[in-house]
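Let's take a walk through a protein model together, one spot at a time. Have the sequence and the 3D view ready.

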Amino acid sequence: MLIGRTQELSKFNNLASKKTASLVVLKGRRRIGKSYLAQEYGKGHGKYFEIVGLAPRDNIKNEDQLKNFGEQLSLSVGIPGFSFENWTQAFEALAKFTEKGKVFILIDEISWMGSSDKDFVGKLKIAWDKFYSKNPNLMMVLCGSVSSWIDKNILNNTDFVGRISWQHQLGPLPLSVIRQFWGKNKIIPEEILKVVAITGAIPKYLEEINPKLTAEQNIEQLCFDSTGYLFNDFQKIFNDIFTRRAPIYKKMLKVLSMKKLSPSDLAKSLGEKLNSDLSEYIHDLEQAGFIAREYTWNLKDGKDSKLSQLRIRDNYVRFYLKYIDKNSTKIAKGTFKYSGITNLLNWDTIIGYLFEG
């Protein structure tokens, strides 16, 4: 069941009623449900094609992504043996199966797929103009977790000006639907608050909740057990999104987990200068949904000033850095003793930040 995405589904339906092809861009943090939303809608929209880019790893090449594209296309159409030398061939092969009728194409983790070929985006644009846009009943969704790559290569690329029907940053679920994750089980608001304070209403994390257990029992198993989903997920999402830059992004978030800081104060705390590189890192964390920039306002005219402060926006990231990461060695050894969320160090202060988030 798709919970809490009624506005997005309504937008998809509006696009499907058009008499022209639709190109959609979905972005947002990992585990937010981008792929699931597109899959659930797309599978009821006629012929469905899904191609997912290979996750980053050492020495991955463009040839690996092309081979993966061919293998997934073969599975979709039931014809073995697709092999491509370049993206022009790959996109044209897919286009042959999408010329007529209702078609939904999901290109997932597009940043992984296209990061090894500087001409990937240009060839996709040509294929869209030449083939995909000719089918008025076709919808193509470009989806990815590396929002900064999508911004730079798709949304801010002049090649795609006037071609994107809808771009959307998928956010956490609204609080009003959280209770549905417990099904018919009765649960008091305090229990919901504890869970949402830590998960930040991220759908995948809420799916991991066992409705037969209390909030405290779920938190202990998910966060303070070496096999717990939330004990391990921080490293996974950071390595997947930021690869070699993951350590510097983690260092930035650790500093911000202490308090809100202006960009220049953040730079000082890191022992760095506020240069173009650090500004780019801040932008990347903003686009990934991990931090937010809040502007102060001018007392004279009531408008936003140029002064801003950065804060951690993602509840799970804040909780992980404050409580899981610093105890990770003990948790891994099984020597950490969890005695309840209210007994965590400085919890009265941290719950305020989590509630605000």
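**A tucked-away serine**

Because its relative accessibility is 1%, Ser 22 counts as buried (buried means under 20% relative accessible area, exposed over 50%, partly exposed in between, with a 1.4 Å probe and protein chains only). Ser 22 belongs to strand S1, residues 22-27. Helices (H or I, at least four residues) and strands (E, at least two) are DSSP runs, numbered from the N terminus. Beyond neighbours within four places in sequence, Ser 22 is in contact with Leu 15, Trp 128, Leu 138, Met 139, Met 140 and Ser 165, where contact means heavy atoms within 4.5 Å.

This is a predicted model, in which local features need pLDDT of at least 70 and side-chain atom pairs count only at pLDDT 80 or more, while totals for chains, interfaces and linings use all residues. Residues are numbered from 1 along each chain as its sequence is written, and side-chain values use heavy atoms, leaving out hydrogens and water.

Next, find helix H15, residues 315-324, which is mostly covered, with 10 of its 10 residues buried. Among them are Val 317, Phe 319 and Lys 322. At the start of H15, a side-chain oxygen of Asp 314 comes to within 3.1 Å of the backbone nitrogen of Tyr 316.

Finally, look at H11 (residues 229-242) and H12 (residues 246-256). Their axes, lines fitted to C-alpha atoms over the stretch in contact, come within 9 Å and cross at roughly 125 degrees. Phe 234, Gln 235, Phe 238, Asn 239 and Phe 242 in H11 meet Ala 246, Tyr 249, Lys 250 and Leu 253 in H12. By class, this contact has six nonpolar, two polar and one charged residues (Ala, Val, Leu, Ile, Met, Phe, Trp, Tyr, Cys and Pro count as nonpolar, Asp, Glu, Lys and Arg as charged, and the others, Gly among them, as polar).

Key:
Axes fitted to C-alpha atoms, helices over the stretch in contact; angles between N-to-C directions. Polar contact = N/O pair within 3.5 Å; in protein donor to acceptor, adjacent residues only side chain to side chain.
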